[in-house]
Amino acid sequence: MNNSYSESYKAAGVDVTAGYRAVELMKSHVARTMTGGVLGGLGGFGGLFELDLAGMPNPVLCAGTDGVGTKLKLAFLMDRHDTVGIDCVAMCVNDIICCGAKPLVFLDYIACGKNVPEKIAQIVAGVAEGCVQAGCALTGGETAEMPGFYSEDEYDLAGFAVGAVDKSKILDNTTVAAGDALVGIKSNGVHSNGFSLVRKVFDVEAPGVLDRYYDELGATLGEALLAPTRIYVKPVLAVMDELAVKSVAHITGGGFYENIPRALPEGKRALISKRLATPLPLFDMIQRIGGISEHDMYNTFNMGTGMVLVVDKDDAQRAVEILNDHGERARVIGYVDDGERGVELC
């Protein structure tokens, strides 16, 4: 790499040596994610992973992709870059476990106006932490320096996860029946959806707004909003190992009204108790300050419930126990009934 340097390219705004420095800084973070199936290390043209198909007579790959969205604006304003990588991983792996798949590998893509190696390493540190929480390996990625496209202080972050599930264990909604229980798992905040509305409600770029401490949040507004998306992989897989989970909904963009019906078949609706699925104080603030209707709140945000599992009513209490034993806050928040597919809050 000693000869890989271009004065002309640097004059155009791209410093290839900064990229090499960033890779060196991120190696220790990537090493934390290595699992038994990883072959090789960083620097290849592709990430190699050897599949362990024990217990999977008919393996099926499941892939998911997502980004962090405009939540990144808060990271820029607060100059904190070590948590958004967790969000990026979470948005992908929480999706693929809804199919019953175990995440195996993750790759990220960072596009920036200027490659500051220390900042890139912070971002990747967050990605690595997310991979550790999800039990998957960070097998590669890409950092693109794009001067003139992004401002020097800004970047975008996206990624994708690949997992595997035996065909016989793929989750769909075909076995969901009236009387099944809806087990909700608490979120820890807005996660990574609805931030265009959040930024407008709080006028986050105004001086001092993100630094203001709120007793009801137990944190500054910036800290509460930047809290990384919870990764539900290991707790949910633990439930699947013991119980027959019928379907799962990850509550992301579109909130309750868009995501929960995806876990239901035609002719079935979800009846959810607002008392049991208690919104977090942060959402009360957003609704009050923004003057937002209840419908729009539940159609935009997770409202304090990050994931919903559909299980037989006789398995509901055990599912809650398993989730809580794994550090989550779970409870039955409603049940499935006959009717037009959708969600009714009561």
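This is a predicted model: local features need pLDDT of at least 70, side-chain atom pairs count only at pLDDT 80 or more; totals for chains, interfaces and linings use all residues.
1. Overall build. The protein chain contains 12 helices and 14 strands. Its C-alpha trace spans about 70 × 55 × 30 Å along the principal axes. For 346 residues, a compact globule would have a radius of gyration near 20 Å, and the 21 Å of this chain agrees with that.

2. Of the 346 residues, 51% are buried. Among contacts in the chain with a separation of 6 or more, 85% are between residues 24 or more positions apart.

3. UniProt, in an unreviewed entry, lists "domain: PurM-like N-terminal" at residues 60-165. Over that stretch the chain is 36% helix and 37% strand, and the end C-alpha atoms lie 5 Å apart. An unreviewed UniProt entry also places "domain: PurM-like C-terminal" at residues 178-342. Here the chain is 33% helix and 22% strand, with 13 Å between the end C-alpha atoms.

4. The four-stranded sheet. This open sheet has 4 strands in the order S3-S6-S4-S5, and its pairing is mixed. Strand S3 (59-67) and strand S5 (137-145) stand at the edges; each has a single partner strand, so one side of each lacks a neighbour in the sheet. From one strand to the next, the twist averages 15 degrees.

5. Helix against that sheet. Helix H5 (residues 117-134) packs on the sheet and touches S4, S5 and S6. The direction of H5 makes about 165 degrees with that of S4.

6. Strand S6 and its partners. Strand S4 (residues 102-112) and strand S6 (residues 155-166) run antiparallel and are joined by 10 bridges. How much of S6 is buried? The count is 9 of its 12 residues, so S6 is largely enclosed by the rest of the structure.

7. The six-stranded sheet. A further open sheet is formed by 6 strands in the order S10-S12-S7-S13-S11-S14, with mixed pairing. Its edge strands are strand S10 (247-250) and strand S14 (342-345), and each of these pairs on one side only. The twist in this sheet averages 25 degrees from one strand to the next.

8. S10 and strand S12 (residues 305-311) run antiparallel and are joined by 4 bridges. His250 has Met307 of S12 as its bridge partner.

9. Helix H10. Which residues of helix H10 (residues 281-290) are buried? They are Leu282, Phe283, Met285 and Ile286. These residues cover an arc of only 155 degrees around the axis, which puts them on the same side of H10. After H10 comes Gly291, with a positive phi near 60 degrees.

10. Helix H8. Helix H8 (residues 233-242) is mostly covered, with 7 of its 10 residues buried. The buried residues are Val233, Pro235, Val236, Leu237, Ala238, Val239 and Met240.

11. Tyr232. The loop between H7 and H8 holds Tyr232. Is Tyr232 buried or exposed? Its relative accessibility is 0%, so Tyr232 counts as buried. Leaving aside neighbours within four places in sequence, Tyr232 is in contact with Asn94, Ile97, Ile185, Lys186, Ser187, His191, Gly306, Met307 and Glu328. Met307 is also the bridge partner of His250 described in point 8. The C-alpha atoms of Tyr232 and His326 are separated by 9.6 Å, while the two residues are 94 residues apart along the chain.

Methods
Residues are numbered from 1 along each chain as its sequence is written. Side-chain values use heavy atoms; hydrogens and water are left out. Two strands pair if DSSP finds at least two bridges between them. Helices (H or I, at least four residues) and strands (E, at least two) are DSSP runs, numbered from the N terminus. Axes are lines fitted to C-alpha atoms, for helices over the stretch in contact, and angles run from 0 to 180 degrees between N-to-C directions. Contact means heavy atoms within 4.5 Å. UniProt positions are given in the numbering used here, feature names are shortened, and annotations may be inferred rather than shown by experiment. Buried means under 20% relative accessible area, exposed over 50%, partly exposed in between (1.4 Å probe, protein chains only). The arc is that of the directions from the helix axis to the C-beta atoms. The radius of gyration is taken over C-alpha atoms; the globule rule is 2.2 Å times the number of residues to the power 0.38.
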